[in-house]
2 protein chains.
Amino acid sequence: MAEAKQAPDAYDALLDHYETVSGLGDAAGVLSWDQEVMMPEGGNPARSKQKSAVSTVRHDLLTDEQVADWLDELDDADLTDEQESVVREIRRAHERAARVPSDLVAEISEKTSEAHPKWKEAREEDDFSIFAPVLEDLIELKKEYAEHIDPDADAYEVLFADYEPYLDLDTAERVLERLRDELVPLIEDIRDSDVELADPFDGEFDVDTQEDLARDVLDTLGYDWEHGRVDTAPHPFSSGTQFDARVTTRFDPEKPVDAFMSTIHEFGHARYTLGLPREQYGNPLGESRDLTVHESQSRLWENHVGRSRAFWETFLPEVKERFPQVEDATPEEAFEAANEIFEDNLIRVEADELTYHMHIVVRFEIERELIEGDLDVEDVPEAWNDKYEEYLGIRPENDAEGCLQDIHWSHGSFGYFPTYSLGSVLAAQIHAALEDDVGPVDERVREGDFDVVGDWLESNVHQHGARYTTPELVREATGEDFTADYFLDYVHEKYGELYDL
Amino acid sequence: MAEAKQAPDAYDALLDHYETVSGLGDAAGVLSWDQEVMMPEGGNPARSKQKSAVSTVRHDLLTDEQVADWLDELDDADLTDEQESVVREIRRAHERAARVPSDLVAEISEKTSEAHPKWKEAREEDDFSIFAPVLEDLIELKKEYAEHIDPDADAYEVLFADYEPYLDLDTAERVLERLRDELVPLIEDIRDSDVELADPFDGEFDVDTQEDLARDVLDTLGYDWEHGRVDTAPHPFSSGTQFDARVTTRFDPEKPVDAFMSTIHEFGHARYTLGLPREQYGNPLGESRDLTVHESQSRLWENHVGRSRAFWETFLPEVKERFPQVEDATPEEAFEAANEIFEDNLIRVEADELTYHMHIVVRFEIERELIEGDLDVEDVPEAWNDKYEEYLGIRPENDAEGCLQDIHWSHGSFGYFPTYSLGSVLAAQIHAALEDDVGPVDERVREGDFDVVGDWLESNVHQHGARYTTPELVREATGEDFTADYFLDYVHEKYGELYDL
């Protein structure tokens, strides 16, 4: 442990200033949560202005010249390791924000406001040409944005770093290529297999009862209601701070398993947020590491806990109490239902844990080519459909179910998608390290002990906040460099057994 | 109407800047609403920092020297009447904020954070001495605050102007004295009367059904759900903007009439907010006039609509549909129940529309003496109890039901209470002007037409935003200066008839 040293005045001033920046960021998070979950529809015009006011002043504070001065002063200062980490994170946030001219920030913000309704309309009308012009503009603006941040780097690499700052793009690319190369044949084998998995969750499941069951799942996993709440939202998400981390979920009467899994997934995000050190609230040591690590936490709970046999042995009786209609189901059948591979599914957010990554690979390859200028916007639908055919053996019949299904590009988010797959891959690696440390998790889960997972993750991942970079955190938590080995072993073993391969 | 003129550059710059100030203020409003209505209890530490970040940057922007420069430039500028109003309001907000040193603002904020739990504890323990020291500190700090804003004025006058900037304290005092002088004998007469009003709402009323009924009331009054929502909160309030004005209410199984009235009251506030001009959102022309006018709107709906015979003729059938247990009640009986004078009630928020003002007079007289140094903090309980005995003929047996019942002083809010009574008085004056214009409102209400009230208030009060000062707005809406005549006529007539006086 680093020795306590007297922090330089510039450090204290910087931290004090950053606490306001951070408070504004979290305030914006509350405004967004409210907008998605509570706000009446007519509130939008005022809410946009409120959010814009908060983000403008946050940006002004973050890019203030005083911040640059403090950072300069701290260049050669004698700091503890923790202080060095704090300065590294603030410096990175400051420099990236300061390099982009305000006019361009405003222009991108306006363009995404314009893009969102165009995308919605295009999807409703199933007409990509409605969205194409504004998508083209957004690509140009984001390339310009990347150019300002780092004129020497590949534009896509710079954009990717907005979502995952410390795992370089080469790593991401290598992992995604490996997933493609190994999962495409596995999915083909599953398609060729004669095995039919059980599905005891056939029929209609009352939505209010599903909501009660979602609370049961959260209770079972150990969600801290003193610092959280659950609501429904059209697109489930979680948000908040270590004092107040909320989850949302959604229900479809015909897909109760989806709702469990989505709830467990969001629990994983919230559990990470709640595990951040409370006493560091307002500085990077109290902030989560970026999207890859966040997704690793949600996927670990969703896939390695929620999709396990042990989970269903423990939890199925609770399902039966709420839904006597599945009285005869066995834990093995429920386990199978939670792990079915959907061979004909075209929609990313409805995908199973295997084909999911092919959805990501398609998007990664296309957005990268778009940003690098190797693909024209007008050619996106065909490229999309060709890749679905190549990797998944299915071809969308229209763009609404094809390249118009996701909201991300209309937000100008290019480089976000890969973190979904990187997170799943990391989840398997962290799960292996957890078992290395505490023994087989299934045995504990069978006894209803989920704290073994939550507590270990809190000590080994959450408590570090953003102290370590992503590669450092992976090494700290698992003792190894980031690798897809564990994920691939896990899926080969699990699906090999399930589908008799 | 003023001719369109080219606005000076300083005006446009000021307006642009103020839009951010205003957006931050409304963002803080969302944070508070969420804290009261949705936030899990453990979220408080983070929420305090988020609110403090937003209010600090808002204060910094409002007191910015640039604002002073723009205001100076606009001193002799050729402005339209509307522009003059905008500048008047921004100048006032800027000057008051700029005159108070930041250190003092922070000190008051810290002291109120300390005062709130002390007040709660004192109330729970029924021990005023727990609260007394911090109350004393707060009084000193607020006197200092007033001294900075206007060293030549009476401190209480300056504090009062935080809540009601344009009706001078003399007017307030004159009105409150008149209420005291005329209502004390009226309440005595009622106490001496043999009349017993009917109460068909005896028994227990299911709280969930009461909540459905609250929605019915809001539907009946014409609440715009596209721009609002209703939730429960321990202390009912309303907040928001013309795009999203929310109400809260609360339910007691034994007091269904209280819940109706509280819901109608909060509807009145929200209806005002929703009637502000949307195209002026973000500047004073789109903001409400202060607390007196706001309270006049809630009281007009609550007292002049909700407590009328006509309302119960229209609405009682809806109550019976939800609560068959009151099937035999007549509209006259319901009207009586809504207008009962509670002779033994010690609690302000549970008071009827008559004794309510005596609760206010007690607080006004005491807080004024406290600020002026004519009363020591330690003597507050006795002064309080003596005044209750004098004005209401009842004496609190303990301080929890006496001088510790209200939260306001723990917030450092001295000068707030009088606006409650001023608002009720103004409600009667505005209601008289409305009837002068459209004829007897009861006849329309009996036909279920509540828009006649909402539309008239929107045109004659809401649409003006903060364009006029309070006295100007009163003249604009009623053709007369602010007066208590209408209120006193109204209560003498109504309660004279009800209690056979």
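The model is predicted, so local features are reported only at pLDDT of at least 70 and side-chain atom pairs only at pLDDT 80 or more, while totals for chains, interfaces and linings use all residues. Residues are numbered from 1 along each chain as its sequence is written, chains are lettered from A and ligands numbered from 1 in the order in which they are written, and side-chain values use heavy atoms, with hydrogens and water left out.

**Stop 1: the interface**

Display chain A and chain B together. Here 35 residues of chain A are in contact with 35 residues of chain B, contact meaning heavy atoms within 4.5 Å. About 2,800 Å² is buried between the two chains, and carbon and sulfur atoms give 67% of that area. Buried area is the accessible area (1.4 Å probe) that two parts lose on being put together, summed over both.

Ten residue pairs, both members at pLDDT 80 or more, are in polar contact between chain A and chain B. A polar contact is a pair of N or O atoms within 3.5 Å; within protein, one must be able to donate a hydrogen and the other to accept it, and residues adjacent in sequence count only if both atoms are side-chain atoms.

Next, colour chain A by secondary structure. Helix H1 (9-37), helix H2 (44-63) and strand S3 (244-249) of chain A are the elements that give two or more residues to the side touching chain B. The largest contribution is that of H1(A), with ten residues. Helices (H or I, at least four residues) and strands (E, at least two) are DSSP runs, numbered from the N terminus. By residue class, the side of chain A that touches chain B divides into 17 nonpolar, eight polar and ten charged residues. In this division Ala, Val, Leu, Ile, Met, Phe, Trp, Tyr, Cys and Pro count as nonpolar, Asp, Glu, Lys and Arg as charged, and the others, Gly among them, as polar.

**Stop 2: salt bridges between the chains**

Across the interface of chain A and chain B there are six salt bridges, each a side-chain nitrogen of Lys or Arg within 4 Å of a carboxyl oxygen of Asp or Glu. Select Arg47(A) and Asp244(B), whose side chains meet in a salt bridge at 3.8 Å, N to O.

Now select Asp244(A) and Arg47(B), which form a salt bridge with their closest N and O atoms 3.8 Å apart. Asp244(A) lies in strand S3 of chain A and Arg47(B) in helix H2 (residues 44-63) of chain B, so this pair joins two chains. Asp244(A) is buried at 6% relative accessibility, and Arg47(B) is buried at 2%. Buried means under 20% relative accessible area, exposed over 50%, and partly exposed in between (1.4 Å probe, protein chains only).

Move to Thr241(B), in strand S2 (residues 238-241) of chain B. Thr241(B) is buried, with a relative accessible area of 5%. Beyond its neighbours within four places in sequence, its contacts include Ala46(A) and Gln50(A) as well as Asp26(B) and Tyr281(B).

**Stop 3: the annotated site in chain A**

Select His265(A), His269(A) and Glu295(A), where an unreviewed UniProt entry places the feature "binding site". They span 31 residues in sequence, yet no two of their C-alpha atoms are more than 8.8 Å apart, so they gather at one spot. UniProt annotations may be inferred rather than shown by experiment.

His265(A) is found in helix H10 (residues 256-275) of chain A and is buried, with a relative accessible area of 10%. Glu295(A) has its place in helix H11 (residues 291-306) of chain A and is buried at 6%. Leaving out residues up to four places away in sequence, Glu295(A) touches His265(A), His269(A), Thr419(A), Tyr420(A) and Gly423(A).

**Stop 4: salt bridges within a chain**

Asp290(A) and Arg289(A) form a salt bridge at 2.8 Å between closest N and O atoms. Asp290(A) is partly exposed, at 21%, whereas Arg289(A) is buried, at 2%.

**Stop 5: helix H18 of chain B**

Finally, select helix H18 (residues 451-460) of chain B, whose buried residues are Val452(B), Val453(B), Gly454(B), Trp456(B) and Leu457(B). Their cover includes helix H10 (256-275), helix H11 (291-306) and helix H16 (418-438) of chain B.
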